[in-house]
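Work through the exercises below with the sequence and the 3D view open. Try each task before you read its solution.

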Amino acid sequence: MLATELAPNQQILPLTAGTNGQGHLEIGGCDVVELVRQWGSPLYILDETTLRTACRHYREGLRQDYPGDAQVIYATKAWCCLGVLAVVVSEGLGLDVVSGGELTTAMRLGVAPELVYFHGNNKSPAELALALDYGCRVVVDNWYELQTLVPLAQAANCTAKIMLRFTPGIECHTHEYIRTGHLDSKFGFDPQQLAAVFTWLRERPQLECIGLHAHIGSQIFALEPHRDLTEVLVETYAQGLQAGLPLREVNVGGGLGIRYTEADQPPAIRDWVRVVSQGLTHHCQQRGLPLPKLICEPGRSLVGAACVTAYTMGGRKEIPGGRTYISVDGGMSDNPRPITYQAQYQAVVANRVAAPLAETVTVAGKHCESGDILLKDIALPVTQPGDILVVLATGAYNYSMASNYNRIPRPAAILVQGGAASLIIKRETWEDLLRQDCLPERLMAP
Ligand SMILES: *Cc1c(COP(=O)(O)O)cnc(C)c1O
């Protein structure tokens, strides 16, 4: 690989994106306009090459920079479906799940339980029982969960392998809703409680505490917070070992940012991996501690840049002396990030990629919310209804946060690779939306 090559998380377009002879956007060797003709819109188009390349940057970075054992696990909440998980698992990654639903998806693929880590700040007894039955790792978040796990492990006649999540007290500059490492966070033990937890665990043979976990937030561009995190983790690892716990894994979380617009300048995956690898190694060596297995759990930086969403453009509203709005056939139901976090995106027109930029417009979704704006004040070529607008870098937290607001069916998703497209998520139908509805007999029309 060339040193100058940008990592997948530093590019706005998928790695295989190009323009074909007809001036159409091509991804994974497929003409995006043709894909929409075949599969309809909105359509999530996932580029297998970009996803696999991102997995390899993490994996190879760890192999090069970390002298001990290491494992990358994919934070499935970024996009959890069988197709995406099958690709990352085939790259040797494990999975981080946060619900019974995500766990069931991992189990359906037959992923080895020791590669699956179950997170979450309020796992139900049923979810914990499922995790113990499967034999995956449980990342324990709080006292209540510890107390719930003991009788469950007893009933299941097993020893639960657990990790402890704590808040490392590290501030990072990202949106308030996706910041998790500061002390006033809903996630994890407060560091001041850990000594008591260590003592408590010594008398609980049902729970084997094999590691520590911390995650400081998401869409982070600075490397320093993760460098600092390794120091806090090693300090706590030392305390845990001293307290007699069989610790052998340290999980540094995820959080590396991606490039949504030209203004975003995230560090490369390999640079992030080097910082956490060197930090962990350095602090362990300084204290004469054995190197733990290093686990990291990226989500966004694996899948974010690998996917685009194609929409069909509809009507146009020009406000005299004001904005021009163009509507598309999706919006906050397939991409809730703009309305939730004021997230910004970039877009291209798939059927006229090379056309010169001609006007500044605002792209609106079709939902009944004024805030349902996908792209505010972006430059586009001259367009007309029926053109295909492609919003870039929509792989993370789009499908996984999608809803049926306004009873709009969720889009289909296809995986593209080498000129072939395979369906990984079927488009919902209006009929699907009625499937869970029940009409009490007394309300039925006579
Ligand atoms: C969300 C989350 C991740 C993944 O975060 P990204 O920013 O998508 O890399 C990893 N670990 C935990 C515990 C999380 O909550």
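## Exercise 1: A ring pair

Tyr345 is buried, with a relative accessibility of 4%. The model used here is predicted.

Task: Find the aromatic partner of Tyr345 and classify the pair Tyr260 and Tyr345.

Solution. 
- Step 1. General idea: two aromatic rings are described by the distance of their centres and the angle of their planes.
- Step 2. The partner is Tyr260, and the ring centres lie 5.2 Å apart.
- Step 3. The planes stand at 75°. Angles over 60 degrees count as edge-to-face, so the pair Tyr260 and Tyr345 is edge-to-face.
- Step 4. Now place both residues. Tyr260 sits in the loop between strand 11 and helix 9 (269-287). Tyr345 sits in the loop between helix 11 and strand 15 (347-349). They are 85 residues apart, and the pair links distant parts of the chain.
- Step 5. Check the burial of Tyr260. Its relative accessibility is 3%. Buried means under 20%, so Tyr260 counts as buried.

## Exercise 2: A tilted pair

Task: What is the geometry of the rings of Trp79 and Tyr399?

Solution. 
- Step 1. The structure holds 7 aromatic pairs.
- Step 2. In the pair of Trp79 and Tyr399, the centres are 6.0 Å apart and the planes meet at 35°, so this pair is tilted.
- Step 3. Trp79 lies in the loop between strand 5 (70-75) and helix 3 (82-90). Tyr399 lies in the loop between strand 18 (388-391) and strand 19 (412-417). The two are 320 residues apart.
- Step 4. Both Trp79 and Tyr399 are buried.
- Step 5. Ring pairs also bring in Tyr44: Tyr44, Trp79 and Tyr399 form a cluster.

## Exercise 3: Salt bridges

Solution. 
- Step 1. General idea: side chains of opposite charge can pair when their charged atoms come close.
- Step 2. Arg137 and Glu249 form a salt bridge at 3.8 Å, N to O. The cut-off is 4 Å.
- Step 3. Arg137 lies in strand 8 (residues 137-140) and Glu249 in strand 11 (residues 249-251), so the bridge ties together parts that are 112 residues apart in sequence.
- Step 4. Arg137 has a relative accessible area of 12% and is buried. Glu249 is buried too, at 4%.

Task: How far apart in helix 1 are Glu34 and Arg37?

Solution. 
- Step 1. Glu34 and Arg37 form a salt bridge, with the closest N and O atoms 2.7 Å apart.
- Step 2. They are 3 residues apart in helix 1 (residues 32-39), so about one helical turn separates them.
- Step 3. Glu34 is partly exposed, at 41% relative accessible area. Arg37 is exposed, at 60%.

Task: Which strands hold Glu208 and Lys161?

Solution. 
- Step 1. Glu208 and Lys161 form a salt bridge, with the closest N and O atoms at 3.4 Å.
- Step 2. Glu208 is in strand 10 (residues 207-213) and Lys161 in strand 9 (residues 160-165), so the pair ties together parts 47 residues apart in sequence.
- Step 3. Lys161 is partly exposed, with a relative accessible area of 28%.
- Step 4. Elsewhere, shared partners join Glu48, Arg52, Arg56, Arg59 and Glu91 into one network of salt bridges.
- Step 5. The structure has 21 salt bridges.

## Exercise 4: Pocket and cavity

Task: Which residues lie nearest the centre of the largest pocket?

Solution. 
- Step 1. The largest pocket holds about 640 Å³ of space.
- Step 2. Its lining has 34 residues, and Lys77, Val98, Phe187, His215 and Tyr397 lie nearest the centre.
- Step 3. Helix 10 (300-303) and helix 11 (337-341) are the elements that give two or more residues to this lining.
- Step 4. By class, the pocket lining has 10 nonpolar, 14 polar and 10 charged residues.

Task: Which residues line the largest cavity?

Solution. 
- Step 1. The largest cavity has about 30 Å³ of space.
- Step 2. Its lining is Asn121, Asn122, Lys123, Leu128, Asn142, Tyr144 and Glu145.

## Exercise 5: Backbone

Task: Which peptide bond ending at Pro42 is cis?

Solution. 
- Step 1. The bond from Ser41 to Pro42 is cis, with omega near -5°.
- Step 2. Pro42 lies in the loop between helix 1 and strand 4 (43-47).

Key. Residues numbered from 1 in each chain as written. Predicted model: local features only at pLDDT ≥ 70, side-chain atom pairs only at ≥ 80, totals over all residues. Heavy atoms only, no water. Salt bridge = Lys/Arg side-chain N within 4 Å of Asp/Glu carboxyl O. Helix = DSSP H or I, 4+ residues; strand = E, 2+ residues; numbered from the N terminus. Buried < 20%, exposed > 50% of the residue type's maximum accessible area, 1.4 Å probe, protein only. 1 Å grid on protein atoms, 1.4 Å probe; cavity = no way out; pocket = protein on both sides within 12 Å on 5 of 7 lines; lining within 4 Å. Points joined across faces, edges and corners; volume = space filled by probe spheres on them. Nonpolar A, V, L, I, M, F, W, Y, C, P; charged D, E, K, R; others polar. Phe/Tyr/Trp six-rings, centres within 6.5 Å; stacked < 30°, edge-to-face > 60°.
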